[in-house]
Amino acid sequence: MPPPEPLDAAIIFAPAGELVPLALKAVRKGGRVVCGGIHMSDIPAFPYRLLWEERELVSVANLTRADAHAFFAEAASAGVHAATRPYPLEAANEALDDLRNGRLSGAAVLAVHLGDG
């Protein structure tokens, strides 16, 4: 869903290039979209109007796990909250079924060693 008002900036940690046009659409005039991953799938074609009005699209080289942890700590202190529901990797089909049937609120997270400490 789009945000209730235009964002100053957006950062994409997911390696999904298809999120770039959506993020550009969500930022205000002069806003910035940062691609924070080392790898990303191809960014699909998008209309120039999403870059127009001084919007910026940048990538960050060598973003570390510590950088991401610091970012999320700052986001948490600002009151930003992301709802997630972890699933063991073996339950991926259950996660998809929950998503399809509206039983998931937030994001499903698949974990290889969920609960193994």
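At 28% relative accessibility, Phe13 counts as partly exposed, a class between buried (under 20% relative accessible area) and exposed (over 50%), with a 1.4 Å probe and protein chains only. This is a predicted model, where local features need pLDDT of at least 70, side-chain atom pairs count only at pLDDT 80 or more, and totals for chains, interfaces and linings use all residues. Residues are numbered from 1 along each chain as its sequence is written, and side-chain values use heavy atoms, leaving out hydrogens and water.

**Exercise 1.** Classify the ring pair of Phe13 and Phe72.

*Solution.* 
- Rings of Phe, Tyr and Trp (its six-membered ring) pair if their centres lie within 6.5 Å; planes under 30 degrees apart are stacked, over 60 edge-to-face, the rest tilted.
- The structure holds 3 aromatic pairs.
- In this one, the centres of Phe13 and Phe72 are 5.3 Å apart and the planes stand at 40 degrees, so the pair is tilted.
- The pair links distant parts of the chain, 59 residues apart: Phe13 sits in the loop between β1 (7-12) and α1 (19-26), Phe72 in helix α2.
- Helices (H or I, at least four residues) and strands (E, at least two) are DSSP runs, numbered from the N terminus.
- Phe72 is partly exposed, because its relative accessible area is 47%.

**Exercise 2.** Classify the ring pair of Phe71 and Phe72.

*Solution.* 
- The ring centres of Phe71 and Phe72 lie 5.3 Å apart.
- Their planes meet at 75 degrees, so the pair is edge-to-face.
- Phe71 has a relative accessible area of 35%, so this residue is partly exposed.
- Phe13, Phe71 and Phe72 form one aromatic cluster.
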